[in-house]
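User: Hi! Could you walk me through this model, one question at a time?

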Amino acid sequence: MLQATQKLQLRGKLGGHRMRRKLQKKVEKFDARLEAAVKSDKPGPMHRLRIAAKQLRYTCELLENAVEAAPPLLAELTPLQESLGELHDADVRVELLRRHGRKALLREEQEVRARLARLVEKELGRWQARGVSRAAQ
């Protein structure tokens, strides 16, 4: 995405150097969080990736009309962010059930969380294999 922004004939304040730099920082942060989440499907790295995806998505939405690379990345980010949100919800439920000693419900929720984690891992693997955020650079 970053390389694409360097080549564009950008117009207006949103197409300026500061916004390109902001987008670059968001992509770099997202990529770092993606690397960490691929290495570990634990709640912490996944939650940090979810936040980075949300921040990158908001930046892409802001730049959608000023940067040609933003709309395709936005289309990819939306389902990823939704999947990460579902996984985060499951993580919160697991923790609540663990805290309240609801063992039977906890096992069920852990199974749901494991299924969601596998789906998210596949999606993250696709992002890495296709270099989705880097392809937009």
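Predicted model: local features only at pLDDT ≥ 70, side-chain atom pairs only at ≥ 80, totals over all residues.

User: Is A90 buried or exposed?
Analyst: A90 sits in helix α4; helices here are DSSP runs of H or I with at least four residues, strands are runs of E with at least two, and both are numbered from the N terminus. Buried means under 20% relative accessible area, exposed over 50%, and partly exposed in between, with a 1.4 Å probe and protein chains only. Because its relative accessibility is 0%, A90 counts as buried.

User: And why does E109 count as buried?
Analyst: E109 belongs to helix α5. Leaving aside neighbours within four places in sequence, E109 is in contact with A90, R93, V94 and L97. E109 counts as buried because its relative accessibility is 12%.

User: How many helices does the protein have?
Analyst: Along the sequence the pattern reads α-α-α-α-α-α. With 0 strands, the protein's count of helices is 6.

User: What span does α4 reach from its first C-alpha to its last?
Analyst: The expected span is 1.5 Å times one less than the number of residues in the helix. For α4, with 30 residues, 44 Å is expected. After α4 comes G101, with a positive phi near 65 degrees.

User: Which helices are included in what covers the buried residues of α3?
Analyst: Helix α3 covers residues 43-63 and reaches 30 Å, close to the 30 Å expected. Its buried residues include P45, M46, L49 and R50. Their cover includes α2 (17-39), α4 (70-99) and α5 (103-130).

User: Is α2 roughly parallel or roughly antiparallel to α3?
Analyst: Axes are lines fitted to C-alpha atoms, for helices over the stretch in contact, and angles run from 0 to 180 degrees between N-to-C directions. Angles under 35 degrees count as roughly parallel, over 145 as roughly antiparallel, 65 to 115 as roughly perpendicular, and the rest as oblique. The angle between α2 and α3 is about 155 degrees, with their axes 9 Å apart. Therefore α2 is, relative to α3, roughly antiparallel.

User: How many nonpolar residues are in the contact of α2 with α3?
Analyst: The α2 side includes M19, L23 and F30, and the α3 side includes M46, L49 and L56. Ala, Val, Leu, Ile, Met, Phe, Trp, Tyr, Cys and Pro count as nonpolar, Asp, Glu, Lys and Arg as charged, and the others, Gly among them, as polar. Beside 2 polar and 5 charged residues, the nonpolar count is 16.

User: What angle do α2 and α5 pack at?
Analyst: The axes of α2 and α5 are 10 Å apart, and their packing angle is about 130 degrees. That angle makes α2 oblique to α5, which means the value to quote for this pair is about 130 degrees.

User: Which residues of α5 make the contact with α2?
Analyst: On the α2 side the contact is made by F30, L34, E35, A37 and V38. On the α5 side, the residues are L124, W127 and Q128.

Definitions and conventions:
Residues numbered from 1 in each chain as written. Heavy atoms only, no water. Contact = heavy atoms within 4.5 Å.
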